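Subject: Structure handover

Hello,

Here is the structure I promised to pass on. Please open it and keep it beside this email as you read.

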Amino acid sequence: MSRADGLAVGVVGATGMVGRELLALLERRRFPVRALRPFSSGRAPAAVRFRGRALAAPGVSLRALASCDVVFLVSSEEAALALGPRLAALGVWTIDDSAAFRSDKNTPLIIPEVNAAALRADRRLIAGPNCTLTGLAVAGARLHRLVGVREVRLASYQSVSGAGRAALGELFSQHAALSGFGRGGGGRAPMLGAGVSSILPRAIAYNAIPQVGRFGADGYSSEETKVAAELRRIWSAPGLKVSATAVRVPTIRGHALAAWLTMNRPLSPARARALLSKTPGLVLSRDGDYPTPRSAGGKDPVHAGRLRQGATAKELALWIVSDNLLKGAALNSVQVAEELRRRGWLKPRHFL
Ligand SMILES: NC(=O)c1ccc[n+]([C@@H]2O[C@H](COP(=O)([O-])OP(=O)(O)OC[C@H]3O[C@@H](n4cnc5c(N)ncnc54)[C@H](OP(=O)(O)O)[C@@H]3O)[C@@H](O)[C@H]2O)c1
């Protein structure tokens, strides 16, 4: 990278779980960073490491962000709402991982392997999708394009890191508090009761919680509603029927989905396997094998397995796992920035 090619890159939320993955990805993928400007909430002194150096991560400075070529927002919805439109209006490419703009028709909602065509040179604010639907949106994209998916039913098994750093800390402390159970052997399996949590709706250690977000009047959680709406947008399929049950489980990273896809016409598992094996961004396990959050966590691609016929000749069943912090957030955002560079839209604006 010559100095002239390098980009000034801002990261708001650099000290968070997604932010730290994002910094590591910028290094690993050799993104041409000339100057990195990391920010945190500013509530406490903070620093991050980049290319072997410690950099201070203070509270947000709009002035410093306005001098960047691209800003990654990986912090909170409030910060995204306050910064996103202002930065974009100043000409800064701004890629947000929060839910703030995902349903805004004027903000492209992008998974590069699936709908890079929805990027626009004059829309400098771009949203990344909900981490739960990313795996399905990638895995089913080619099936949808070539055969047509008319209905999706799914159950998610979502890791605790998807709820942020504080939720993960709570899982570990609940686990530590319970780890004395069962010592001495024998007896009945422990009964833990519903449990309480200050962050998730119930205690998460040794549990499964069928609530991610708030429930709406229709009985669906906000996560379930988001998955449906965002999948329709990303696949450009306004008529797609989606029914989801989102469940938080005590895994650390990697969201898993059991999905049933009803196609427009009959599709054999063998033909589906051929289509899935050429789907960009997807690794399909061989028959009899499958990914788990532990095997697919920390990996870039979406992983799938257990492909089989569903209840009818038009239905397929599939197990999908993707890392919520990578493809579900940081990696997707970096891939968006890489795509903007490939198009020549993201380039250095300032020489300091
Ligand atoms: N976790 C996931 O799997 C996932 C997946 C997709 C999308 N997302 C989205 O990505 C974003 C970050 O998630 P996360 O899991 O990384 O959360 P996190 O670990 O809790 O980190 C939050 C980050 O945002 C910073 N922050 C909080 N309030 C801020 C403010 N008002 N101004 C500037 N910075 C602020 C925090 O700084 P301090 O260190 O100072 O607190 C921290 O760096 C969220 O919008 C989330 O919805 C997360």
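Below is what turned up, from the whole chain down to single residues.

**The whole chain**

Keep in mind that this is a predicted model. The protein chain has 11 helices and 13 strands. Along the principal axes, the C-alpha atoms fill a box of roughly 65 × 55 × 40 Å.

How much of the chain is buried? Buried residues make up 51% of the 352. The accessible surface comes to about 16,200 Å². Carbon and sulfur atoms account for 53% of that surface.

Next, the contacts. Take those between residues at least 6 apart in sequence: 71% of them join residues at least 24 apart.

**Charges and salt bridges**

The protein chain carries 49 positive and 24 negative charges. Their mean positions are 3 Å apart. The count of salt bridges comes to 15.

Start with Arg 34 and Asp 69. Their side chains meet in a salt bridge, 3.9 Å from N to O. Arg 34 sits in strand E2 (residues 33-39), while Asp 69 is in the loop between helix H2 (62-66) and strand E5 (70-73), so the pair ties together parts that are 35 residues apart in sequence.

Now go to Arg 153 and Glu 315. They form a salt bridge whose closest N and O atoms are 2.7 Å apart. Arg 153 belongs to strand E8 (residues 149-158) and Glu 315 to strand E13 (residues 315-322), so this pair ties together parts that are 162 residues apart in sequence. Arg 153 is partly exposed, with 36% relative accessibility. Glu 315 is buried, with a relative accessible area of 6%.

Asp 287 lies in the loop between strand E11 (282-284) and helix H10 (293-296), and Arg 273 lies in helix H9 (residues 269-276), so the parts tied together are 14 residues apart in sequence. Asp 287 is exposed, at 60% relative accessible area. Arg 273 counts as partly exposed, at 24%.

**Two backbone angles**

Arg 30 is not a glycine, yet its phi is positive, about 55 degrees. Arg 30 lies in the loop between helix H1 (17-28) and E2. Arg 30 is exposed, with 73% relative accessibility.

Arg 51 also has a positive phi without being a glycine, with a value near 50 degrees. You will find Arg 51 in the loop between strand E3 (47-50) and strand E4 (53-56). Arg 51 counts as partly exposed, at 44% relative accessibility.

Best wishes

Notes:
Residues numbered from 1 in each chain as written. Predicted model: local features only at pLDDT ≥ 70, side-chain atom pairs only at ≥ 80, totals over all residues. Heavy atoms only, no water. Helix = DSSP H or I, 4+ residues; strand = E, 2+ residues; numbered from the N terminus. Buried < 20%, exposed > 50% of the residue type's maximum accessible area, 1.4 Å probe, protein only. Contact = heavy atoms within 4.5 Å. Areas by Shrake-Rupley, 256 points an atom, 1.4 Å probe, with all protein chains shown as cover. Lys, Arg positive; Asp, Glu negative; His and termini not counted. Charge placed at Lys NZ, Arg CZ, Asp CG, Glu CD. Salt bridge = Lys/Arg side-chain N within 4 Å of Asp/Glu carboxyl O.
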